[in-house]
Amino acid sequence: ILKGEINDYGINCSTATIGRYLKELDYKGYTLQKGNQGRILTFAGDSLVTEIENNIVKSTIREQLTLDIQISEYNELIDLLNVRKILEVEATHLAAINATDDEIKCLCESLEIHRKCIEDNEDPTNPALDFHAMIAKICHNKFISTLLNVLIFEEKRIESIFETLITRERGGTYIKEHDKITEAIMARNPREAASLMQEHIQELIEAIIEQTHEI
């Protein structure tokens, strides 16, 4: 029966191989053989199946979300930044409250990588976005962090495609704003940190709007 069902999924698997897998599941305590009735799932087996099902659902949702937010126009980039602003203002507020000293040190290191990129006249896009991703990480809210990581990943992809992007030319201004945000987080001032982040991302949005008017 199992061989037939597995074959229906396009997987070629012999009955001998299935038998070995079943014995391995018995050995690991995930299944229990009940005479001629076949096998039943143990509590551990049932928990494992639930975990696998949840992981599949999460993976499917993540893949669909990535597909849904793929962007190719400046107007869509503005939409993405508006969503980022909502999430990152709260992430920055939480980072100022929740980040450990070691995490703030990592944020400072990310800031210095961004600064060096500006000094070397290199494209600052990725280091700048990595700084924002670090804030998402240290805010200690897994939902905000996960959503921001998806948005930042998509923004990196699309910004690498655009031949011209005004924000690349303003790295010197943005590094100063990142400096102020970092200082507010280090000072454990959530209100100031959140306010600075909101102003910073709004400047990014206005820069892209400015560019769309020039095209």
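Which residues does His132 touch, not counting residues up to four places away in sequence? The chain as a whole is described before that question is taken up.

The structure is a predicted model, in which local features need pLDDT of at least 70, side-chain atom pairs count only at pLDDT 80 or more, and totals for chains, interfaces and linings use all residues. Residues are numbered from 1 along each chain as its sequence is written, and side-chain values use heavy atoms, with hydrogens and water left out.

The protein chain contains nine helices and two strands; helices (H or I, at least four residues) and strands (E, at least two) are DSSP runs, numbered from the N terminus. Along the sequence, these elements follow the pattern α-α-β-β-α-α-α-α-α-α-α. The protein chain is more spread out than a compact globule, because its radius of gyration is 24 Å, well over the 17 Å that the globule rule gives for 215 residues. The radius is taken over C-alpha atoms, and the rule is 2.2 Å times the number of residues to the power 0.38. Along the principal axes, the C-alpha atoms fill a box of roughly 75 × 40 × 30 Å.

Of the 215 residues, 36% count as buried; buried means under 20% relative accessible area, exposed over 50%, and partly exposed in between (1.4 Å probe, protein chains only). Contact means heavy atoms within 4.5 Å. Of the contacts in the protein chain with a separation of 6 or more, 69% are between residues 24 or more positions apart.

His132 lies in helix α6 (residues 125-138). His132 counts as buried because its relative accessible area is 2%. With residues up to four places away in sequence not counted, His132 touches Arg84, Glu88, Ile152, His178, Met197 and His200. Two of these neighbours are also joined to the His132 side chain by polar contacts, which are pairs of N or O atoms within 3.5 Å (within protein, one must be able to donate a hydrogen and the other to accept it, and residues adjacent in sequence count only if both atoms are side-chain atoms). The polar contact with the side chain of Arg84 is 3.2 Å, and that with the side chain of Glu88 is 2.6 Å.

Arg39 belongs to strand β2 (residues 39-41). Arg39 is classed as partly exposed because its relative accessible area is 30%. Leaving aside neighbours within four places in sequence, Arg39 is in contact with several residues, including Leu22, Thr31 and Asp26. Arg39 and Asp26 are 13 residues apart in sequence and 8.7 Å apart in space, C-alpha to C-alpha, and a polar contact of 2.8 Å joins their side chains.
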